[in-house]
Amino acid sequence: MRRLTLLLVLFLPACGWLEGQREAAAQAARRTTLAEMEQLLSQTLRAADGMARSADRILRPLPVMTPVEEAALRRFLNASHVVRARALGVRVRDRAARDSLLDAGRLVRLEDTTSYWIVRPGTSPAYVVPEMRALLQVLGERLQGKLREMGLPPYRIEVTSALRTSIRQARLRRTNANAAAGVSSHEFGTTVDLSYAAFAPPSEVSPELLESAPPALHPHLERIVDLAMESVSARKSRELGAIFSRVLREAQAEGLALVIYERQQTVYHVTVARAVDRPAAVPAAQAG
């Protein structure tokens, strides 16, 4: 018994010392991890700020749309859009008609996010005729091509409205003075509203910004970059809108689209004017 008591007296302090050593090592590891995370965040912030400043400098001297350019995007008003809508689509009265057209492939659901556009939250699900989906890819490719030539990030189009059933359009007309009187081309799935006051950040972040970070941190670092890019597009939306207006004027001149530059709402009302070659697939945005 005395021997056991002596062993306990000797062993218990040793246990306390070992526990203290383990705790000290754990604290040191936590400090190292926090320091590494802080370094990664700082590097990402510096890189994002640098990209934002560069984009801001490029956009700063750019002119916005002139009255003549605005007028070119108001040549074809609602009646012209409805004529094209009737030729390319089917008027969708209600959800049952919509679902039937979806089953037949005459309507498709737009992906919420791709390399070329996003469907603004609150607008999804967005349904259109296949020709409009193909037109959106053409517009997105051309916009990003112009941005690339200028050394700007590949901003994406924001879809704010797509198909509205006749029932929904009538309901909207009672509460929204901007809703078209009579028949709207939105009722055919041939028309979308595209924002000129907001552009979505690029779908992908440069791999160099993420290569040294563990995968669990990637979504957070990507969001930091997105916020920096969104801050530029918010400040320079008129300049970006002017670049996009050139894309739309070219598409309208080619007979691909009819456009209304709306003033009461900050959108382009865009109707597909003829069948567009359908791409096999639209690149999906990387999951964040």
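Which residues of H7 are buried? Before we look, note that this is a predicted model, in which local features need pLDDT of at least 70 and side-chain atom pairs count only at pLDDT 80 or more, while totals for chains, interfaces and linings use all residues. Residues are numbered from 1 along each chain as its sequence is written, and side-chain values use heavy atoms, with hydrogens and water left out.

Now to helix H7, residues 218-235; helices here are DSSP runs of H or I with at least four residues, and strands are E runs of at least two, numbered from the N terminus. Its buried residues are Leu221, Glu222, Val225, Asp226, Ala228, Met229, Val232 and Ser233. They cover an arc of only 160° around the axis, which puts them on the same side of H7; the arc is that of the directions from the helix axis to the C-beta atoms. On the other side, His220 and Ala234 are exposed. Buried means under 20% relative accessible area, exposed over 50%, and partly exposed in between, using a 1.4 Å probe and protein chains only.

Arg235 forms a salt bridge with Asp56, their closest N and O atoms being 2.9 Å apart. The pair links distant parts of the chain, with Asp56 in helix H1 (residues 2-59) and Arg235 in helix H7, 179 residues apart. A salt bridge is a side-chain nitrogen of Lys or Arg within 4 Å of a carboxyl oxygen of Asp or Glu. Asp56 counts as buried, at 10% relative accessibility. The structure holds 13 salt bridges. Another joins Arg120 and Glu158 (2.9 Å, N to O).

How values were computed
The expected span of a helix is 1.5 Å times one less than its number of residues.
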